[in-house]
Amino acid sequence: MLEGGNEMIFVGIFGLKDSEEKLREVDFECTGCLSEKVQLFALRRVFEIFFIPIITLKKKYIIACNSCNSVYKLKDEKMEEVLLKGKVRYEDVEKILKQY
């Protein structure tokens, strides 16, 4: 779905792996096309040794519009509420990453 999907950088026995996990569909009125259904993703960068995940270095949550592919970064502190309610409000968005 998102550009740059699963990427891995390895140096010897150590490496970094970027991955995305689709969590669920949530309600949000896209500012690009006014569609009300978007997908919620967790993006992670993980440190690995011999392809075994050791520690998550970076994690962020984004929503992507099903219709126009606009992408929004969500505030980390709002994620529990978003996951429980299945709804994203404008104040839950930290910034717009791509808008079409």
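Student: Which residue forms a salt bridge with Lys73?

Tutor: Glu94 does. This is a predicted model. In it, the closest N and O atoms of Lys73 and Glu94 are 3.3 Å apart. The cut-off is 4 Å from a Lys or Arg nitrogen to an Asp or Glu carboxyl oxygen, so the pair counts as a salt bridge.

Student: Where do Lys73 and Glu94 lie in the chain?

Tutor: Lys73 is in strand β5, residues 71-74. Glu94 is in strand β6, residues 93-98. They are 21 residues apart, and the pair links distant parts of the chain.

Student: Why is Lys73 called buried?

Tutor: Its relative accessible area is 11%. Buried means under 20%, so Lys73 qualifies.

Student: What makes Glu94 partly exposed?

Tutor: Glu94 has a relative accessible area of 45%.

Student: What makes Arg44 and Glu21 a salt bridge?

Tutor: Their side chains meet at 2.8 Å, N to O. The limit is 4 Å, so the pair passes.

Student: Which parts does that pair tie together?

Tutor: Arg44 lies in strand β3, residues 37-49, and Glu21 in strand β2, residues 14-27. The pair therefore ties together parts that are 23 residues apart in sequence.

Student: Are Arg44 and Glu21 buried, exposed or in between?

Tutor: Arg44 has a relative accessible area of 22%, so it is partly exposed. Glu21 is at 37%, and it too counts as partly exposed.

Student: How many salt bridges does the structure hold?

Tutor: Eight. One of them joins Arg89 and Glu81, at 3.3 Å from N to O. Arg89 and Glu81 also belong to a network of salt bridges, together with Lys85, Glu91 and Asp92.

Student: Why does Cys30 count as buried?

Tutor: Cys30 has 0% relative accessibility. That is under the 20% cut-off, so Cys30 is buried.

Student: And what makes Cys68 buried?

Tutor: Its relative accessible area is 16%. The cut-off is again 20%, so Cys68 counts as buried.

Notes
Residues numbered from 1 in each chain as written. Predicted model: local features only at pLDDT ≥ 70, side-chain atom pairs only at ≥ 80, totals over all residues. Heavy atoms only, no water. Helix = DSSP H or I, 4+ residues; strand = E, 2+ residues; numbered from the N terminus. Buried < 20%, exposed > 50% of the residue type's maximum accessible area, 1.4 Å probe, protein only.
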